[in-house]
Amino acid sequence: MAVLLTGGTGYIGSHTAVCMLEAGYDVVIADDLSNSAADVADRIRQITGRDLRFYQIDVSDRAAVRALFDENDIDAVIHFAGFKAVGESVREPLKYYRNNLDTTLTLLEVMAERNVGVFIFSSSATVYGDRNPAPYTEDMETGRCSNPYGWTKEMIERILESACVADGNLSAVALRYFNPIGAHESGLIGDDPNGIPNNLMPFITQTAAGIRERLSVFGDDYPTPDGTGVRDYIHVVDLAKGHVAAYRYACDHKGFEAINLGTGVGYSVLDIVKTFERVNGVRVPYVIAARRPGDLASVYSDPSKAKALLGWETEKSLEDMCRDAWNYQKNRL
Ligand code: WQD
């Protein structure tokens, strides 16, 4: 039996592959390499000392997905594959709806053909929209997403909920990520965005490395302790372990569950910059710039459902996140 990780050479997928292999599960990765590199599969093998099968396919390609299921005894799917750049989704909404929904629907249809009933989905805190007050809890109303990327996550959660109602054998868990940062302690895998980073931490590491001249802090006039945006940063290894816990839970349950994966603690942009500089002994030059359209002031989780249902909680500190992120950047240099 093996677990299929779609998007498994990406940032979150590769860390989850490591944790699943280290937990003793067999892993098959399918990735079209549109936002990751093929050698990540070898680095996962190097870190774990275990082998895995890699397929370079687009998982919206039904024939390719069927062939993969023919060649492997798949008992569950963890679905990471999807476009995830918020700004790009605003510029190219049809590309995002087509890709993110098609991949999911094709996987679910082939799973139903083969009676595979466990599906873990990479969702996002973005589904909480701009209406809910932090800390976010899973019983809050979702929707009113601020961008097409967020809407694809919301729509896929609704698809999973409906599929579970129609098929009593399906178990689907939507994991709502907050802000994953950091990297595996080996420095062999990490967050490796194409082009100019959209997210805070890769921009910080590239600024510290001299690749970027300075960080633009998007606004310091928010109603937060220091005026800069507050987010729930979670170490990517803690996030990966949350997927192992969710897989184990989903194997023993039926139906749909949405679960936050966060620390429950909010840190501001300047908290991150100052901690990163202190922990790593580097400078991160920055300027205060205008607010980024669509940004909220404070976004952080109530992680108590994950603790109660999955027996999972985060273990790594902000210092660990900053240290490991910088270690990965240095290794890349
Ligand atoms: C964090 C904070 C910015 C860059 C997004 C998606 C979410 C998920 C994670 C995919 C904010 C500030 C950032 C910079 C800055 N994506 N910032 N200068 O926007 O919370 O979440 O990424 O799964 O779905 O919405 O993350 O890292 O972009 O921003 O000041 O150059 O850092 O304003 O306060 P965000 P982020």
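These legends go with a set of close-up views of a predicted model.

Since this is a prediction, local features need pLDDT of at least 70 and side-chain atom pairs count only at pLDDT 80 or more, while totals for chains, interfaces and linings use all residues. Residues are numbered from 1 along each chain as its sequence is written, and side-chain values use heavy atoms, with hydrogens and water left out.

**View 1. The shell around the ligand.**
Here we look at the 18 residues around the ligand, of which Tyr149, Leu200, Ser216, Arg231 and Asp295 come nearest. (A residue is near a molecule if one of its heavy atoms lies within 4 Å of it.) By type, the shell splits into eight nonpolar, seven polar and three charged residues. For that tally, Ala, Val, Leu, Ile, Met, Phe, Trp, Tyr, Cys and Pro are nonpolar, Asp, Glu, Lys and Arg are charged, and the others, Gly among them, are polar. The top contributor is strand E8 (residues 215–218), with four residues. Helices (H or I, at least four residues) and strands (E, at least two) are DSSP runs, numbered from the N terminus.

**View 2. Polar atoms facing the ligand.**
Thr126 puts a polar side-chain atom 2.9 Å from an oxygen atom of the ligand, and Asn199 has one at 3.0 Å from a ligand oxygen. From the backbone, an N or O atom of Ser216 sits 2.8 Å from a nitrogen atom of the ligand. Altogether, the protein covers 88% of the 690 Å² of accessible area that the ligand has on its own. (Accessible areas come from the Shrake-Rupley method with a 1.4 Å probe; for residues, only the protein chains shown count as cover.)

Leu215 is found in strand E8 and, at 3% relative accessibility, counts as buried. (Buried means under 20% relative accessible area, exposed over 50%, partly exposed in between, with a 1.4 Å probe and protein chains only.) Leaving aside neighbours within four places in sequence, Leu215 is in contact with Leu200, Phe203, Ile204, Thr207, Val273, Val284, Pro285, Tyr286 and Val287. Contact means heavy atoms within 4.5 Å.

**View 3. The largest nonpolar core.**
This core has 41 residues, and Leu5, Ile44, Ile120, Val173, Leu175 and Leu310 touch the most other members. Helix H8 (residues 236–251) gives the most to this core, with ten residues. A nonpolar core is a set of buried Ala, Val, Leu, Ile, Met, Phe, Trp, Tyr and Cys residues joined through side-chain atoms within 4.5 Å. Zoom in on Val173 and you find Phe119, Ile120, Phe121, Ala246, Tyr249, Ala250, Glu257 and Ile259 touching it, not counting residues up to four places away in sequence. Apart from this core lies another, of 29 residues, among them Leu4, Phe69, Val110 and Phe121. In soluble globular proteins, nonpolar side chains tend to be buried together.

Glu157 belongs to helix H6 (residues 148–166) and is buried, with a relative accessible area of 0%. Outside four places in sequence, Glu157 touches Ser123, Val127, Ala174, Arg176, Phe256 and Ala258. Thr152 is in helix H6 too, and its relative accessibility of 0% makes it buried. The side chain of Thr152 reaches the backbone oxygen of Tyr149 at 2.6 Å. Beyond four places in sequence, Thr152 is in contact with Tyr96, Tyr97, Asn100 and Leu101. Thr152 and Tyr96 are 56 residues apart in sequence, yet their C-alpha atoms are 7.4 Å apart in space.

**View 4. His184 in its loop.**
His184 lies in the loop between strand E7 (179–181) and helix H7 (200–208), and counts as buried at 14% relative accessibility. Its side chain makes a polar contact of 2.7 Å with that of Ser186. (A polar contact is a pair of N or O atoms within 3.5 Å; within protein, one must be able to donate a hydrogen and the other to accept it, and residues adjacent in sequence count only if both atoms are side-chain atoms.) Not counting residues up to four places away, His184 touches His15, Val18, Ile47, Ile189 and Val237.

A cis peptide bond joins Ala134 and Pro135, with omega about 0 degrees. Leu33 has phi near 60 degrees, a positive value in a residue other than glycine, and is buried at 19% relative accessible area. For Asn115, phi is near 55 degrees, but this residue counts as exposed at 73% relative accessibility.
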